[in-house]
Structure formats: C-alpha cells, structure tokens
Amino acid sequence: MDEVIQVTQWLSSITPRKKAKLFFFTTHADAPSPMVGSNDVDTHEETQLPLATTVALHNFKNIDEFLKKKVNTFSCYNVIENEITKTDYEYLRFYSACKYLDVVPPFLDLEKISAIQNKFEMTDEERDYRLLLDSADLVLEKVCDSLKPAGVSQMWTALRKDRNLIRGVKTIDIIGFFVDPNPTGIKECLFFFIVRFLQKADKINRVNTNRLERLIAQCDESSSCEEGKTIDFIIDSLRFYPTELYPFGFCLIMCVIEGRDGAMQEIEKTMEISRHLGMITHTEKNPTKETIELVKKELMKPKYQFYSSFTCWFMSHGDSNPMVLADGETIEREWFLTSFPDISTFQLKPKVFFMVSCRGANKFSLKGDEFEGQSGTRDYYDIGSALIRNRMLDITDSVRDISYVQPMMDTLVAYSIILDHLSGRANTHGSIYVDRACVLMSENISRGRSLTEILEHLSQDLHEILQETMDEDRIVYKQACHYDSFFRKTLKLPYTRHPKEDVHSAPQ
C-alpha cells in the first residue's frame, strides 16, 4: 500500500483528543541540547502555531500536517552510528507517545527505534517505552483531563488579562479572547497551548509551576472541574515531583564490603527495595575514587536525561567528614554530595542520597547522661502574625526567575547518623539504618506517602531501638538519623511497578 495512503488512514483512525496529546508529547518542551543536527532556531511556530490555529478554526488540519511531516521525516531518516542527533530524540519521543496513546503507526520502522536505542547504549530494561515518556508532560496531561472545557476557557481568560506577558505574541491574537473549547479535542489543544506558551516564556518548567497553578486557582470550581475533582486536588497534583509510570528513576548503590560485616546484606536490601519501587539499579561494590569518577562520567551520557529521578546509597566506614573507600583512601563527604547534583542529566529532577557511615565515635549512651528540657515563654504567634500581615511583600512576576538554579536544589541528603556520632550495625545484617529504611519504604508503597514522611517515621523508629557496642564495655546506646532537604516539591513513593509488566492503559 502507498505510504501516503497509509499515513492518511492512520491519522483518520486517531481521535481528536489523542491527536492533541500526541502533538503535545511530541513537541516536548525540554529537548536536550546541544545536539547534532540542532540549529537552535526558535521553534515557537512549530510548537504553538498548529495548536493556535486548531483552537481558532476548530480544525485539526495543521496538527495533521505536523504529524505527517514527522512520519515522513522518520521514514527517510538514516540512523547514523555513534552520533546522537535531534531526530534521534524526536523519533524516540514520537514512538513512546504513540505507544502510550495506543496509536503506533503500523508502518513505523521499529528496527530504527532499536538502532537509536543502541546509540544511546540502552540496556534491555531501558528499552521500555515508558522510560522515554516525559513524566512532567504526563502530569500535565492528567491536569488537563481533570478540567472541563469551561475550566480551560477560564484559564485562557485569566492569561489574556496579563498584558505584559502576552504583548506582541501573534499566536495569542490568532486564538482571540473568546474561545469555544467544547468541540472534541479543542479543550486539550487550548490547555497544551497555554502550557507550552508559559514554558517558552520561561514562566514554568518541570519544577516551577506556580504560574500555572495561579491560572487554575482563578477558575470557578463548580463549572471547571470534572466529576470527583476539585481545584485544590488539581493544584496539589502539580506540587509533587513528576515521576509518573515506570521507571521511578535510576538508583546507584555504592557499598564498601571490605571490613564491613553484613555489607552484602545491605546491597541485597537496597537492590530489592529499589526494584520494588520501580527503579533501574546499578551496583558498585568496593568503590574507589576512580570508580566514582567513572560513574559520574557514565551518568552524563544522554540516556540518563530520560530518567525522572536519581537515588544513591553510599555505604562505608567514615568519620566526621571523610568516608573510607575499599582501598583505604578517603573522600570528603561534602565533595561527594556536591559533585553529583551538578550533573546536567538530572537537573530539575529529585536527587536523593542515603549516606550510611559513621560521622564520628560518640554515642548517645543511656547511662549517666542527664538532659534538661528547656521551654520558651514568648508568644511567637501573637507577635509574628501581626507583623507578617503588615509587612508582606508584593512579589511581582518581574522579580521572579526560573532560568538559573543553584546545583544543590532538588536534592535531599539522608544521613544514617547525626554529626560526630557512631552509626550502628549488626554483624550479620549490616547497617540497622539501611534495614529499617528498606522495611519502611516497602511497607508504605501504594499508600501515597512522601519520601520525607517515610524519613520522619524512620527517625522515630530507629531512635526507639536499643543498640549495644561490640567492644568489652558493651555500652547501650541509641542512634539518631536526620536529613537535609533542598526539595522544591514533594517526592511521593510510587505504586509498585514491575519492569516486565505492562501497566499501561491507553488514555482516551
């Protein structure tokens, strides 16, 4: 059959709603750069004009033409060995979106997909189409599905009132002030136009969604939300780190085995819970400085940009700052923690570090220590509330910026012990902290708990356990863990995901 006829038949089989979603997923806002074949031309027209004309004319002709052009480009594309091009990314994004929406063209060359995945050095686990989907776009799709056409129309009206933001934007004028979003697929096109417009204007990204939340907050709940949804529910969904579908993220496990009884148990537990959470996992036993540098270099490879999060377990002996490696060399804990978050592939994504090692030799002994509680008598609430009301700043958009991000942002560091103290372990099972952390995470999957909630529970649980030193003094002591958070959103534990199990149900 002629390819033109095949493409026409394929497009005619796709519903307007799915066409809008396929266009949205394919025109992903955060495409990696620089790339071979990328000329850095402003893609404003390509990503926004088809949506604008579709909304204005109630006609999907331009979106159809865009999708035809993509299919023709991929049909003629020759996969070049070694070089990763812009078309490689686009091909993978297009394929994953089609797979997710259950509209894969029967004529799509899957061998080219495999060849591109080879260029990215993807393992068998990483060839799951769900890895290639952008989790932030999936969250935005759910927000769109939760809104009625009237709700998106109200968002549009609110956006049009911000004259400083829309001044001189031709596509805004194409759509006009009053919009009828009721025809099938038009609501989606208008919502996705608003999202892409705010992204291109540097007003929102996968972490900073305040501007979009403010538009939604201006909607009338009774007319704007689908049944069972509320404005608060929709806005809350934007306040979590986007980690939709499989995999939940990439997990790196580094464990010094030499001189650490129970270390293999630590590896087994962390591997098990990581896989149970739906992470793709890599383990480094007895890491050295050279190993760490090689791992950092590996994580800079383009394929890691597809991951939604990064988790690292580092287990070794240590002191207040240095951590002891397998060859007896030491590294500064601070150096380790600041070097990984700066890796570009995981920018604007949650990065979690579990640092399991002693940070000194002190123990919180239960014998001979007396602690006196201190109480404050000053009424901070009475003093503070009036001051806050009278001195609140009017923070305008002109003094906000989301373009520059401090490297440690979106990072959480969980320590097995407070500074200058001993981190307890059992001879046969290894770190007690690792054991309890894995148990609590396993117990709370599918309960909608956030990682920080689990860590707070872990702090309580661990501090109840009586431990005893293995030396002749047999001192009974307690362990206190803690975490430092630079998170800007909440990181929820995922529901159980199994890599070999297809959890996909096609959206409508």
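Guide: A residue is called buried here when it has under 20% relative accessible area, exposed when it has over 50%, and partly exposed in between (1.4 Å probe, protein chains only). The model is predicted, so local features need pLDDT of at least 70 and side-chain atom pairs count only at pLDDT 80 or more, while totals for chains, interfaces and linings use all residues. Residues are numbered from 1 along each chain as its sequence is written, and side-chain values use heavy atoms, with hydrogens and water left out.

Visitor: OK, so is Phe 250 buried or exposed?

Guide: Phe 250 is buried, because its relative accessible area is 6%.

Visitor: And how many aromatic pairs are there?

Guide: The count comes to 29 aromatic pairs, where rings of Phe, Tyr and Trp (its six-membered ring) pair if their centres lie within 6.5 Å, and planes under 30 degrees apart count as stacked, over 60 as edge-to-face and the rest as tilted. One of them joins Phe 250 to Tyr 304 edge-to-face, with 5.2 Å from centre to centre and 80° between the planes.

Visitor: Which parts does that pair tie together?

Guide: Phe 250 belongs to strand E1 (residues 249–255), whereas Tyr 304 sits in the loop between helix H17 (289–299) and strand E3 (310–315), so the pair ties together parts that are 54 residues apart in sequence. Helices (H or I, at least four residues) and strands (E, at least two) are DSSP runs, numbered from the N terminus. Tyr 304 is buried as well, with a relative accessible area of 4%.

Visitor: What about Phe 250 and Phe 310?

Guide: Phe 250 and Phe 310 form a stacked pair, with 6.4 Å between the ring centres and 10° between the planes. This pair links distant parts of the chain, since Phe 250 is in strand E1 and Phe 310 is in strand E3, 60 residues apart. Phe 310 is buried too, at 2% relative accessible area.

Visitor: Which residues do ring pairs link into a cluster?

Guide: The cluster takes in Phe 250, Tyr 304, Tyr 307, Phe 310, Phe 314, Phe 336, Phe 340, Phe 346 and Phe 353.

Visitor: New topic: where is Leu 348, and what is its phi?

Guide: Leu 348 lies in the loop between helix H18 (333–339) and strand E7 (351–356), and its phi is near 65°, a positive value in a residue other than glycine. With 22% relative accessible area, Leu 348 is partly exposed.

Visitor: And what's the phi of Glu 121?

Guide: Glu 121 has a phi near 60°, a positive value in a residue other than glycine. Glu 121 is found in the loop between helix H6 (110–119) and helix H7 (129–132), and at 46% relative accessibility it counts as partly exposed.
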